Amino acid sequence: MTAEKLLYAMNGIDDGILKKALEPKRARRHYIGRIAAAAAAVMIIAAGSLPVGTALGADSAYDILYEISPAFAQTFKPVNEKCSYDGIEMCLISANVQGCRASFFISIEDTVGDRINGTADLDDSYYLRCPFDHSSCCTFKSYDSTNGKAYFLVSFERLDGKDIDSDKVTLGINGILCGNKDTEGVLIADLTDTDTCPETMIGAENVSGISYSNKEPDTDTMRFLKTSDKQLCSICDYADVTAIGYFDGALHILTRYKDSNSCDSHGFITLHGKDGSVYDNDGICTVSYFTDQYTDSYDETIIPIGYDKLGNYSLYGEFCSSETNIKGRWQVTAKL
Amino acid sequence: MDDSELIELFFDRDEQAISETDKKYGGLCTTLAKNILGSTEDAQEIKNDTLLALWKSIPPHRPEVLSAFITKTARNLTLNRLRSHKAQKRGGGEYQLALDELGDIITTPESVTDSCEAGELQQIINSFVSQLDVDKQQIFLLRYYYLFSVSEIAKRTGSRQGRIKTALMRLRQALKERLESEGYL
C-alpha cells in the first residue's frame with residue numbers, strides 16, 4: 001500500500017458525507033427535550049430495534065444519537081445502568097454491537113449542583129475492562145442545559161476482529177474535566193536577539209509524545225534546552241516559556257505546563273509573520289516529556305529557520321486547560 | 001439555482017447547464033485541482049474537462065448528490081493527470097504534504113499485499129470515515145479528500161490551526177489502527 005493508494009481510495013467515500021464536509025460549521029446545538037416529528041416517526045417504524053417506550057421518553061438521548069446518524073441510532077438497545085459518586089451520576093443509556101465493534105452512549109449529570117456543563121471532557125479519564133484486547137475512543141456529543149446532562153459516545157473494537165458476543169464490558173471514569181480555559185497571544189514580539197548559546201542537554205527523558213511533519217527527531221541524541229524553573233514569558237497561569245535558544249539550525253522554545261496531568265494543560269507555539277502569515281516548515285516538531293514527579297510537563301518546539309529570518313517573526317502561543325477536574329470513581333458493567 | 005434545477009438543465013440539453021454549474025461549482029473544482037497540481041492554468045483546464053465530462057454523463061446518469069459527483073469527477077481527472085505526468089515536478093504543495101502525512105502511517109510497506117483490491121480499500125476508508133463524528137469527518141475530508149491546507153481548514157471550521165493539526169494526527173493514528181485491524185498494514 002502507498003499513501004497515494006489511500007488518497008485515491010478516498011473517492012469511494014459516501015456522497016452525502018462529502019457534501020456535508022463542505023457545509024459551514026454549525027454552532028453546537030443544545031437539545032431541549034422536544035422530539036422532532038420526523039425522528040418520532042422513524043422511532044415508531046423502527047420499534048423492533050429500539051423499544052418505543054425508551055425512545056419517546058422525556059430524555060433527549062435518542063435525538064442526540066439520531067443527529068449522529070438515523071441508521072446508527074436505530075441499532076442501539078437500552079441498558080440504563082447507573083452509578084453515582086459525590087452527587088454525580090453516570091448512566092449507561094444504551095449500547096450497540098456490530099460485529100467486532102461496539103458503542104456505549106452515556107450521560108453524566110450533577111444531581112446536587114452544577115459542576116457539569118457543555119465543556120465536560122472525559123477523554124483521558126475513562127477506561128474499559130473487556131475480556132479482549134481493544135482500541136477505543138470517547139467523544140463528547142452534546143449538553144442538554146434543561147436536564148444538565150452531558151452526553152458522550154464511547155466506541156471500542158476488538159483488535160482480533162472476532163465478534164463481540166455475550167461479553168461483559170465495564171466502563172469506568174476516574175475524573176471529569178470541566179471549564180475550558182483557552183488563551184492565545186504574542187509571547188515575544190521581537191526574536192532578533194535570540195540567544196545562540198543557551199543551556200542545553202543531550203537527550204530527553206520521560207518522553208510522552210512527539211509530533212512531527214516530516215522526520216522523527218532522535219530524542220536520545222539531539223540537543224534540547226535545559227529545564228529550569230525560570231519564567232521567560234507567559235500569557236496564562238498554567239503555561240510558561242522557560243527557555244528559548246537558537247542552535248543546530250533551529251529555534252527551540254521550551255514551554256512548561258503546570259499540573260498538565262490533572263487539568264489537561266497543553267498548547268501550541270508558532271511563529272507569526274508581520275503580515276499575519278504563520279511560518280511553516282516540514283521539519284517543525286514538538287517533543288513532550290514529564291518531569292520526574294510526573295506533574296508538570298514540558299514541550300520543546302523545534303522550528304528549523306535561518307537565524308537571519310527570526311527578526312521577521314514574533315512568537316505566538318495558543319494554550320488550553322481546564323478549570324476543574326472532578327475526581328471520582330464511576331463504574332458500570334453491561335453484558336453485550 | 002438549486003442542484004435539482006441544474007440537473008434538469010442537463011437533461012434538457014440546455015447549454016445554460018454548463019454556465020450555471022461553472023458559476024456554482026467552478027470555484028470548488030479549480031481549488032481542488034490547484035491543491036493537487038499547483039498550477040492555476042492546469043486547474044482551469046481540469047475545471048473545463050470536468051464540465052465537459054458532466055455534459056457527457058448527465059444524462060443518462062442522474063447524480064443524487066451533485067456536488068459530490070462533480071468533485072469526484074474533478075478529483076479523478078486531476079489525479080489521472082498527475083499520474084500521467086509523474087516524471088515532472090509535482091507542483092501541488094498540499095497534495096505532497098497530504099501524501100507525506102499519510103505516508104507516516106504506512107510503516108512497513110513491504111509487508112502489505114499490494115494486490116488488495118481498490119474497491120476493498122475504498123470500502124474500508126468509507127466505513128472508517130462514516131463512523132467518525134461530524135466534526136472529525138469534516139476535518140479529515142477537508143484535508144485528505146479536498147486537500148485544503150491546515151490554515152484553510154481552520155478558517156472553515158472556526159478552529160485554531162493547532163487543534164486541526166492535533167485532530168489530524170489522532171485521525172491518522174485511528175486510520176492506521178483500522179487498516180492494521182483489517183490486515184492492510
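Student: Which residues form one aromatic cluster with B:Phe128?
Tutor: B:Phe140 and B:Tyr144 do, in this predicted model. Over all chains, the structure holds twelve aromatic pairs.

Student: Why is the pair A:Tyr85 and A:Trp330 called edge-to-face?
Tutor: Look at the angle. The ring planes stand at 70 degrees, and over 60 counts as edge-to-face. The centres are 5.7 Å apart, within the 6.5 Å limit for a pair. So the pair is edge-to-face.

Student: Where in the chain do these two residues sit?
Tutor: A:Tyr85 is in strand S1 and A:Trp330 in strand S16, both of chain A. They are 245 residues apart.

Student: What makes A:Trp330 buried or exposed?
Tutor: Its relative accessible area is 1%. Buried means under 20%, so A:Trp330 is buried. A:Tyr85 has 39%. That lies between 20% and 50%, so A:Tyr85 is partly exposed.

Student: Why is the pair A:Phe105 and A:Tyr151 called stacked?
Tutor: The planes are at 15 degrees, and under 30 degrees counts as stacked. So this pair is stacked. A:Phe105 is in strand S3 and A:Tyr151 in strand S6 of chain A. A:Phe105 is buried at 0% relative accessibility, and A:Tyr151 is buried at 0% too.

Student: How do you know that A:Asp15 and B:Lys72 meet in a salt bridge?
Tutor: Check the distance, N to O: 2.8 Å. The cut-off is 4 Å, so the pair qualifies. The rule finds two salt bridges across the interface of chain A and chain B.

Definitions and conventions: Residues are numbered from 1 along each chain as its sequence is written. Chains are lettered from A and ligands numbered from 1 in the order in which they are written. This is a predicted model: local features need pLDDT of at least 70, side-chain atom pairs count only at pLDDT 80 or more; totals for chains, interfaces and linings use all residues. Side-chain values use heavy atoms; hydrogens and water are left out. A salt bridge is a side-chain nitrogen of Lys or Arg within 4 Å of a carboxyl oxygen of Asp or Glu. Rings of Phe, Tyr and Trp (its six-membered ring) pair if their centres lie within 6.5 Å; planes under 30 degrees apart count as stacked, over 60 as edge-to-face and the rest as tilted. Helices (H or I, at least four residues) and strands (E, at least two) are DSSP runs, numbered from the N terminus. Buried means under 20% relative accessible area, exposed over 50%, partly exposed in between (1.4 Å probe, protein chains only).
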